[in-house]
Structures are given as C-alpha cells and as structure tokens.
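Please look over the sequence and the model before reading on.

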Amino acid sequence: MADAAAPPSEAFRLSMLIYDSRYRSTTIQIVVLILFLLGFFWLANNAVQNLAALGKPINFGFLSQTSGYDINQTLIEYDSTYSHGRATMVGLLNTLLVAFMGCVTATLIGLVGGVLRLSNNWLVSRLVTLYVEIFRNVPVLLWIIVCMLSITSTLPGPRAFRGDDPEASMILFGNVAATNRGIYVPQPFFESGLGSAGMNFLVMAAVIIAGIFFVRWNNKRAGEIQVQTGDRPNTFWVNFAAMTVPFIVLMFVMGLSFERPELRGFNFKGGMQIQAPLIGVWLGLSLYTGTYIVEIVRSGILSVSKGQSEAAAALGIRPGLTMSLVILPQALRVIIPQLISQYLNLTKNSSLGVAVGYADLVATLGTTTLNQSGREMETILLLMAIYLTISLTISGVMNWYNRSVQLVGR
Amino acid sequence: MKRSIFACAAVALTMTGGALAAQTLDAVKERGELNCGITEGTLGFSARDANGVHQGFDVEFCRALAVAIFNDADAVNYVELSSANRFTALTAGNADVLYRTTTWTLTRDVDLKTNFVGVNYYDGQAFMVPAELGVSSALELDGATVCIEVGTTTELNLADYFRANGMEYQPLPVGGTTEAKALFEEGACDVYTTDGSALAGVKASFPDPSAYVILPEVASKEPLGPAVRHGDEQWADVVRWVQNALIEAEEYDITSENAAQLAESGSIPAVNRILGVEGGLGEMLGLENDFALNMITKVGNYGEIFARTIGESTPIGLPRGLNALYTEGGIQYAPPFR
C-alpha cells in the first residue's frame, strides 16, 4: 500500500502515453482529433481538386457579375442590371424581414397562448391545446404551403375587382384590397416632408425618443414625490400626452397622407403591397413556431414555485403586479434560453419560403444565382456562412439579454 | 427539397474521384444502363403517362441512345431533374446526359462546363394568358404578374424582354411546371412564360385548353439540345452522332419500317454508311456498326419521333416549323455520315 500512495518517481517514457491511465485519455483524444482533421482536410482538398479538374476552381467573382434576373420583393433598389452580390443582399434582407416578423408574431402567439393554456376555463385551455398539437405535429413546410394556398385559392384575383358590378370589392372603407396576389394597403407619405425618407424617419425617431426620456423623467419625479410625501401623483395622462401629442403635431406639420391602392391594368397600383408569398411564409412560420413558444411560456410559468405567488399575495401585492414583479422575472430565466433556440429555428426555417416563391436568400443566392452562374460549391458555402452568421448573432444577442435577466447570485 | 439535392450533389462532388471526367461510355456499358436526365414532367417532352411510364420527345432520344449502346431501348434509368438542379446533377455524375429541354447558351457551354452536342428542338420563349383577359400581344402585358420557373434562361429573357420594351412586371418565381400551372390556373399570375413547346404541352393538359391563348410574340431563341460533361470527347461524339443519325435517317427516308429492308438491299451508298453496311463508322464511335439500324428500327427517325410525341396529330400539336429538315424549309441539318 505504501507504493500506491507514493507518487511515481520513474521518468516519463513514451509507452506511458498508452499504458498509463493518467495520459491514455489525452492520447486517444489527440489521435482522434488528428484523424478528424486529416479526414476533413482530405474531403476539402478532394473537392478543390475535383472542381479544378472540372475546370471550375473555387472563385467568387460571379458576385460582381450582372445578375440578369428580377426579384419580386426588394427592400433596397434592385433590378436585373444589378449584380449577383446585390441580389444576395436583397435576398438576405427578405430573409431577415420575414424572420423578424415571424419572431415577433410567434412570441405574441406564444405569450397569449401560454397564459391561456393555463387558464381555468376548460374550453379555452383545451382549444389552445388543440392548436398546439395540430400545428406542432405537421412539418412547417406544409403549413407554409397551406397558408400560401389559402391566399391564392380563396381570395379573389385583381380581375374580380373590375367592372361596374364587381364580384369583389375593397374592404375597410375601400382602403384595403385583399387579393390572391397579396394584400394592398394605403401607403403613408408626407406632402411636405423633409426631403428624404431618411430625414423623415430620423425626425420621427427623435420625437419618439424625446417622448420616452420625458416619460422616464416624469416617472422618476413621481417616485421622488412618493418618497417624500407618500402620495404618488398620477402620471398616466401626462405620459400618454407626452408620447402622442408631439408625434401627431409632427404628422400634421409634415402633411401625412395616404395613397390608396387602385386597380390599374393587371394589378393594383399605388399603395403598399404585402405579397402573398410573404404572408404565406410569415403566417406558416409564426403559427408553427408559436406552438413551441406556448409550451415554453407555460413551462416557464409553471416552473415558478406556487409559494412565490402565495408569498406575494400574503404581502398584499395585487395579482397583476405579482405576475409582472414576481412570477415573470423568475419564469424568464427558464423561458429565454429556450426562446433563443426557437428564434434560431424560425430563422433557419424561413429558408423553406422558396417553396412558395418567397424571394429569400435561398431563392436568390441559393437557387437563381446558383443556376445562372453554375457555382454550386461557392454559393452553398456562402449560404452556409451567412446563415451561420445570422444564427450566431441572434444567439449572441439573446444570450446577452438572458444574462441581464438572470438572478444575480450573491 | 432543392437544397438537399444541392447539398447531396456538393457532397458527391467532394467524394467522387477524378475518374468521372473521362470514359463515360465505358462506365455506362459497365453499369448496363444509361442515366438519362429528363424533366420532372413536361407533357410531350418527358412526362409519365397514366401507367407511370416515361413518354415524350426527349425520352425517345434517351431510348435511342440506349439502343445505340446496348441495343435495348429500355436500358435507361430516367433521372428526373428540376431546372434548378440539372447542371449540378450532370457535373456530379448523377446523369450521363441531359435530354431536358435545356437551352444552349454561351455561359452554360463555357462557364458551367457542359458540352452541348446539338439541337434537337429549336424553340423560343412564349407567353400564355387566359383568353378572358382579351390580350392579343405580349406588348400589352405592362404591369402583369408573371409565373416563371427559377433557374431557367426564360427568367433572364423575361427580364430582358420587359426592360427592352419599357414595361414593368412582377415575377412570381416557382420551382417547377406543376406549381407554375397550379398558380396560373388559380390566377395568382396573369401570365405564364416558358419555352413555346412546353407551353403547348401545359395548355394541352388544361381541362379546357381553349380558355388560354399563347401570344404570338417569341421573346427569345431557345435552341434545346442534349448536354454532356466537359472533358469527355468520346462520349460527346456518341451523343452528337446518335442525334445526327436520327436526323440524317429522316433525310434519306429511312424509317422504322423500311430500315432493315434498306440495309439488306444495300443499294444506296449514303444509306449503307448510316446503317453500318459500309464504312465501319459505328466502331469509330466505340459502338456497334449497326447502331443506327437498331435505333431506327426500335425508335424511329427524327421525323417519326417528332410526329409520335409532339407533332400535329398529338394533343400537343406542335408544327414542325424550324424543326423541319433543311430540305423542307426548316433548319434541322445533320453533317454527313462519311
């Protein structure tokens, strides 16, 4: 036994890498890592060599060539004379747009649904359960196609709006046209704006931010008065006015007007078109991912011990405040990490939009550009890199937010 | 999904060795069947019939090539490819040849590393609209929504055509003919544009074909032909001369009915060379000398294939037009068998 307790004094020998259990696991890990890297390098090298043998060495020069194709939804200026690189940007922005819209809507659905699913009302909670089970258990691609089909096959075509006695008419006092090509809504514009859309936006943002600062100052002042006198002055109406009145005045000054969509030729012109593919993808993704968020919110709320709300009630805190000050801050610790992966899923699933003609990154870079340029390897690598960057960015931001809502350990 | 096909093709590219580029003919012979890349369903050119059997103009060329190699018209494995993944499939070796209504362009020939070895159908891009729109010219289509298959030359021509004529349009990109047809029927788009021949097929497949009109304007040249990989000249020659044999057979009135008889009588030198009675041209290609005789007996000459699959007596009803022989006012012309 004395031997076992004494530290081994013999010098290091190479055979100890295999026979000595202190080193063996490290040895195995290093060997496996080297084999893995060699295998990966072999694959990559093989691909590069085969592509070179085919006369198609890796080359990203196609990104600066003229694309030659048009895209139906462009958030930045684009037509067929722009480059493939620009087309990729258009696709990227479309992906980000639908991912953002989807995340917001799915979160709203999830929050409302999660609370309703815990409702004591039998009918309400079962209806939400039904929704969750139906949407969660069918592939999201099918939901996207169903959403798109429900637009293209149930809503009337623009032709139906024509004539003296049309089959279809615009809704909401003749302002909105719901067609099988999308929904046309009035587009706001300024008759006496500040020159550029960017300036208008900056001024509006400035007014809103000033309003927010005023509200914070006002609340702080109310808090001080409460500390001094014990009475908290009513802040709601002042805050409400601070947020709305300057903005409304600004809208009047800049001459806010709306351009109504009108049927001209084959389609509605003027106004803003929310295209059918966008609605299809957005609804499909939101309804599908919403089900997961319902369950996440439910599990988050249930994870907070009942004693917490009872303790709050014992201190005389009202139920609404209990939810916002006691339950939710603790539930968020459970909700946020799971929410991150749902946001990532939704963003990646938006690549299915190509199935209904949504001009996202996969449709522009991954389909048309790939085909017209014939650069399979380059476009796929680029696509993977872009999705990886988006995903890592989302999870980075969400992780930062997660840390900020975690309980601080002392 | 298309993405997974691309990914698989990319993986295939990484895995396959350098042997792919050369000796396709030997590889096909060893495999015992021809991997022929066709459309996912373009009526008249390559589509499954009610019994699930592939039928059509391009399918007949696949069969003719299989006869030339194996003397068996059924030794074909049909690889259904979308517009978007066809070149990837060809480059990665999933198909030996594309008979897939593929337009011969400079970019595809040079930059995509495919070899076009002939034109089996001279086509042009056309526009189809519902008759009730009352449109009679493509120049009246300003502001229309257009259904378009992604990854095609028509996508580029469409952009060019509308830009050149100072018109606006809204593209509705779709993955394939089936989706495009459905969206067009539902009125999600006003116009459906693709090659004129394919439009004729789509029109014929509607319950009431007379409710749709194909506009007279032809927006582009679309020479459709077989494509093979760069770098295997022997295989390119085989595919090229199989097609030339079929066209030349029509020129010399060699049909599926009289081919055997003509070979036996052996009185016309030019016919003898095609049918392999004289000259040994087939062996130069690495085939049997009588490959053309077998092809014509089993599949028919170019004119017979055309008439049987897309000609005026079929529901597709395409006239020969440019695709008539040069002797009959068209531009189909085969270099001599000599």
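In what order do the five strands of the open sheet in chain B lie? The order is β10-β9-β11-β8-β12, and the pairing is mixed. This is a predicted model.

At the edges of the sheet stand β10 (169–174) and β12 (212–214) of chain B. Each has a single partner strand, so one side of each is left without a neighbour in the sheet. From one strand to the next, the twist averages 30°.

Strands β9 (residues 144–149) and β11 (residues 191–195) of chain B pair in the parallel sense, over two bridges. B:Val146 stands opposite B:Val191 in β11(B).

| Helix | Lies across | Angle |
|---|---|---|
| α6 (residues 153–164) of chain B | β8, β9, β10 and β11 of chain B | about 155° to β9(B) |
| α8 (residues 196–205) of chain B | β8, β11 and β12 of chain B | about 125° to β11(B) |

Now the whole chain. Chain B has 14 helices and 14 strands. Its radius of gyration is 20 Å, close to the 20 Å that the globule rule gives for 338 residues, so chain B is as compact as a globular protein of that length. The C-alpha trace of chain B spans about 60 × 50 × 40 Å along its principal axes. Of its 338 residues, 54% count as buried.

Chain B also touches chain A. There, 39 residues of chain A are in contact with 40 residues of chain B. On the chain A side, α12(A) gives the most, with seven residues. That side divides into 14 nonpolar, 20 polar and five charged residues.

Definitions and conventions
Residues are numbered from 1 along each chain as its sequence is written. Chains are lettered from A and ligands numbered from 1 in the order in which they are written. This is a predicted model: local features need pLDDT of at least 70, side-chain atom pairs count only at pLDDT 80 or more; totals for chains, interfaces and linings use all residues. Helices (H or I, at least four residues) and strands (E, at least two) are DSSP runs, numbered from the N terminus. The radius of gyration is taken over C-alpha atoms; the globule rule is 2.2 Å times the number of residues to the power 0.38. A residue is buried if 20 or more other C-beta atoms lie within 10 Å of its own, exposed if 12 or fewer, and partly exposed in between; C-beta atoms are placed from the backbone. Two residues are in contact if their C-beta atoms, placed from the backbone, lie within 7 Å. Ala, Val, Leu, Ile, Met, Phe, Trp, Tyr, Cys and Pro count as nonpolar, Asp, Glu, Lys and Arg as charged, and the others, Gly among them, as polar. Two strands pair if DSSP finds at least two bridges between them. Axes are lines fitted to C-alpha atoms, for helices over the stretch in contact, and angles run from 0 to 180 degrees between N-to-C directions.
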